[in-house]
Amino acid sequence: MTITITAFERSPDRGRGLARDMRVRWALEEVGEPYEVRLVSFAKLKEPAHLALQPFGQIPTYEEGDLALFESGAIVFHIAERHAGLLPEDANARARAIAWMFAALNTIEPPIFDRALATIMERNEPWYEQRLHSLELTIGKRLTDLSRRLGDADWLDGAFSAGDLLMVTILLRLKGSALLGNHPNLVAYLARGEARPAYISAFAAQLAVFTAASAG
């Protein structure tokens, strides 16, 4: 059965690989599964047909036969469970990889995403500097903990896993920032993720959508 995912018709990330369909594209590329993409405008995100798939009017969604999923983490987990390459076979290693998926989404991502949103939506508010300072303190603490745990290893727990895939897509929002630059091992970790052939293919596919939309 053909896998179909949804993505922004005109992504606000300007083709930088930050939109969350990137995670799903990358996971599918890692396991060698072909897929189709249905592009969705911001207006269609709020229409009944899309809300039936994604009740919060977001992307991505995932459709395969009778199965429809939303939430990028859940979709990546579904792909990883059903195809070899993103979760270890050993039960304990598999459980640890899943724990890293949750850590990426629940511990690392929230302050990083809030910081990105604040720089866009709150820059002119009187509380902006205080808000930014608070978020960056939290991010700095999280990155210090992550850096210490990673050490000089290539990946978070042995071989590359879905935990690394999600973590790399989240750290991308800090690429080039001093926050990430304070941790050379995390900078190198991010670069290793970006160098994976599956990532390169997924990034090129997402960028092509933005390029085509801009040309039009």
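How much space lies in the largest pocket? About 1100 Å³ lies there. This is a predicted model, in which local features need pLDDT of at least 70, side-chain atom pairs count only at pLDDT 80 or more, and totals for chains, interfaces and linings use all residues. Residues are numbered from 1 along each chain as its sequence is written, and side-chain values use heavy atoms, with hydrogens and water left out.

**View 1. The largest pocket lies between domain 1 and domain 2.**
A pocket is found on a 1 Å grid over the protein atoms alone: it is an open set of points with protein on both sides within 12 Å along at least five of seven lines. Grid points are joined across faces, edges and corners, and a volume is the space filled by probe spheres set on the points. Lining residues have an atom within 4 Å of a point. The largest pocket has 40 of them. L18, A19, R20, F113 and R173 lie nearest its centre. Two elements, α3 (72–82) and α4, each give two or more residues to this lining. Helix α4 gives the most, with 11 residues. Helices here are DSSP runs of H or I, at least four residues long; strands are runs of E, at least two long; both are numbered from the N terminus. By class, the lining splits into 19 nonpolar, nine polar and 12 charged residues. Nonpolar means Ala, Val, Leu, Ile, Met, Phe, Trp, Tyr, Cys and Pro; charged means Asp, Glu, Lys and Arg; the others, Gly among them, are polar. Why is the pocket placed between the domains? Domain 1 (3–85 + 198–215) and domain 2 (91–196) both give residues to the lining, so the pocket lies between them. The domain bounds come from an automatic or database domain assignment.

**View 2. The second largest cavity also has a lining from both domains.**
A cavity is a set of grid points where a 1.4 Å probe fits but cannot get out. There are two cavities of 30 Å³ or more.

**View 3. E109 and R23 meet in a salt bridge.**
A salt bridge puts a side-chain nitrogen of Lys or Arg within 4 Å of a carboxyl oxygen of Asp or Glu. Side chains of opposite charge can pair when their charged atoms come close. For E109 and R23, the N to O distance is 2.4 Å. E109 sits in helix α4 (residues 91–121) and R23 in helix α1, so the pair ties together parts 86 residues apart in sequence. Are these two residues buried or exposed? E109 is buried, because its relative accessible area is 9%. R23 is buried too, at 4%. Buried means under 20% relative accessible area, exposed over 50%, and partly exposed in between, with a 1.4 Å probe and protein chains only. R20, R23 and E109 are linked in a network of salt bridges. The structure holds 13 salt bridges.

**View 4. R25 and D21 pair within helix α1.**
The closest N and O atoms of this salt bridge are 2.6 Å apart. The two residues are four apart in α1, about one turn of the helix. R25 and D21 are both buried. Both also line the largest cavity, together with A7, F8, S11, D13, G15, Q206, V209 and F210. β1 (3–8), α1 (21–31) and α9 (197–215) each give two or more residues to that lining. Helix α9 gives the most, with three. The lining has four nonpolar, three polar and three charged residues. The volume is about 60 Å³.

R148 is exposed, because its relative accessible area is 59%. D145 counts as partly exposed, at 23%.

**View 5. S41 sits in a loop.**
The loop runs between β2 (35–40) and α2 (48–51). S41 is buried, because its relative accessible area is 16%. Its side chain reaches the backbone nitrogen of K44 at 3.1 Å.

Methods: A polar contact is a pair of N or O atoms within 3.5 Å; within protein, one must be able to donate a hydrogen and the other to accept it, and residues adjacent in sequence count only if both atoms are side-chain atoms.
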